[in-house]
Amino acid sequence: MAFRFVRKQRGRINLALQGGGAHGAFTWGVLDYLLEHGALDIEGISGTSAGAMNAVAVAHGFMENSYDGARETLSLFWGRVASSSPFKMASRTSDDSLLVSPALTLMMSFTHYFSPYQLNPLELNPLRDIVTSLYDFDKLAHQSPIKLFIATTHANSGHLRLFQTHEINADVLMASACLPALHHSVEMDGEPYWDGGYSANPAIFPLYYHCQSPDILLILLTPAILGSNPITADEIKTRAMDIAFNAAFLREMRSIDEARQFATRTWLPKGPLERNLLRLRFHMISPDERMHAMPSATRMVADRDFLHLLRDMGREQAQNWLQQHRRRIGRESSLDIGQLFRCHPA
């Protein structure tokens, strides 16, 4: 029997979407499955980098045609990302593992020696063309049915700059996904901005300060345990980047966990913040070992087959999660957030 949901049983929820380049197609798959089954009523979305792209696609599509519109817009966005690839970026080996193309490897090696201001002085960026052609940002600012929170990083201070629904435009999306080794910084009001992952990947606090639903679904791309000890120069560089892009998120989750524990132990009267934190219910969908085993360079692979593979993995994980935890929405957490920042696997 097919696994279906009755739409009147939707649970109201907020989403937190991590960034991770092309791996964001996994999040596309998760969202596609959730939207297809109409199981959740989305109040707000906090997103960074690829998570920001997915967030705006959902909100804009929902604004145009509810659940079906959100699914269609996600598909259009990732389809155009695949079409923008100038060459084949990966191939399958005989044992069905993924091999990054020599051309992509060569292109990435240039970033060790040249800045994007040298390699791409005109800042040609197909992603900007995609978002400007897909989205009516003025309409989104005034009519979005979903609250949006997009993270960027101020390049001269490292501070988080969070943009809300009425402020979001193409520059904000480009800034949220701006890897400084690949792209020029994005200037807004005379200030330079980089990828939001450096300061929040993603930001959680706006979902409990500005939204009513206490349920927060984390859709993550980076595992809590990053693997075995890195040995080679490339492994060390990759691990350092993974840690940098996950650090702010883990710090925020630890702060939430410790504040909640303190609030339960103290005999002092609880203020609005303590009551708000204690009512939060956390949930999580993340990839399994198949994606964690992929080379870090696959985050740059925009081939259609690869993106569809990640989408299908996301749909599978979303189905598994709904089967196990759907009834907990609105009732209790399905995630012990402490497991996110333990040093060793449980």
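**Helix packing in the predicted model**

Helix 1 and helix 12 pass each other in a right-handed crossing. This description rests on a predicted model. Helix 1 spans residues 24-37 and helix 12 spans residues 304-325; their axes come within 6 Å and cross at roughly 45°. Helix 1 is therefore oblique to helix 12. On the side of helix 1, the contact involves Ala25, Phe26, Trp28, Gly29, Val30, Asp32, Tyr33, Leu34 and Glu36. These residues meet Leu307, His308, Leu310, Arg311, Met313, Gly314, Arg315, Gln317, Ala318, Gln319 and Leu322 of helix 12. Sorted by class, the contact of helix 1 with helix 12 comprises 11 nonpolar, 5 polar and 4 charged residues.

Helix 2 (residues 50-83) packs with helix 5 (residues 126-134) at an angle of about 155°, and the two axes are 10 Å apart. Angles over 145 degrees count as roughly antiparallel, so helix 2 is roughly antiparallel to helix 5. The crossing of helix 2 and helix 5 is right-handed. From helix 2, the residues Met53, His60, Leu76, Phe77, Arg80 and Val81 take part, meeting Leu127, Ile130, Val131, Ser133 and Leu134 in helix 5. The contact of helix 2 with helix 5 consists of 8 nonpolar residues, 2 polar residues and 1 charged residue.

Within helix 12, glutamate 316 was considered individually. Its relative accessible area is 34%. Since buried means under 20% and exposed means over 50%, glutamate 316 is classed as partly exposed. The C-alpha atom of glutamate 316 is separated by 9.5 Å from that of proline 287, a residue 29 positions away along the chain.

In the model, the C-alpha atoms at the ends of residues 19-24 lie 6 Å apart. The secondary structure of this span is 17% helix and 0% strand. Residue 24 belongs to helix 1, which covers residues 24-37.

Finally, the protein was described as a whole. Its secondary structure amounts to 12 helices and 10 strands. Of the 346 residues in the protein, 51% are buried. When contacts between residues at least 6 apart in sequence are considered, 78% of them join residues at least 24 apart.

Definitions and conventions. Residues are numbered from 1 along each chain as its sequence is written. This is a predicted model: local features need pLDDT of at least 70, side-chain atom pairs count only at pLDDT 80 or more; totals for chains, interfaces and linings use all residues. Side-chain values use heavy atoms; hydrogens and water are left out. Axes are lines fitted to C-alpha atoms, for helices over the stretch in contact, and angles run from 0 to 180 degrees between N-to-C directions. Helices (H or I, at least four residues) and strands (E, at least two) are DSSP runs, numbered from the N terminus. Angles under 35 degrees count as roughly parallel, over 145 as roughly antiparallel, 65 to 115 as roughly perpendicular and the rest as oblique. A crossing is left-handed if the near helix is turned anticlockwise from the far one by less than a right angle, and right-handed if clockwise. Contact means heavy atoms within 4.5 Å. Ala, Val, Leu, Ile, Met, Phe, Trp, Tyr, Cys and Pro count as nonpolar, Asp, Glu, Lys and Arg as charged, and the others, Gly among them, as polar. Buried means under 20% relative accessible area, exposed over 50%, partly exposed in between (1.4 Å probe, protein chains only).
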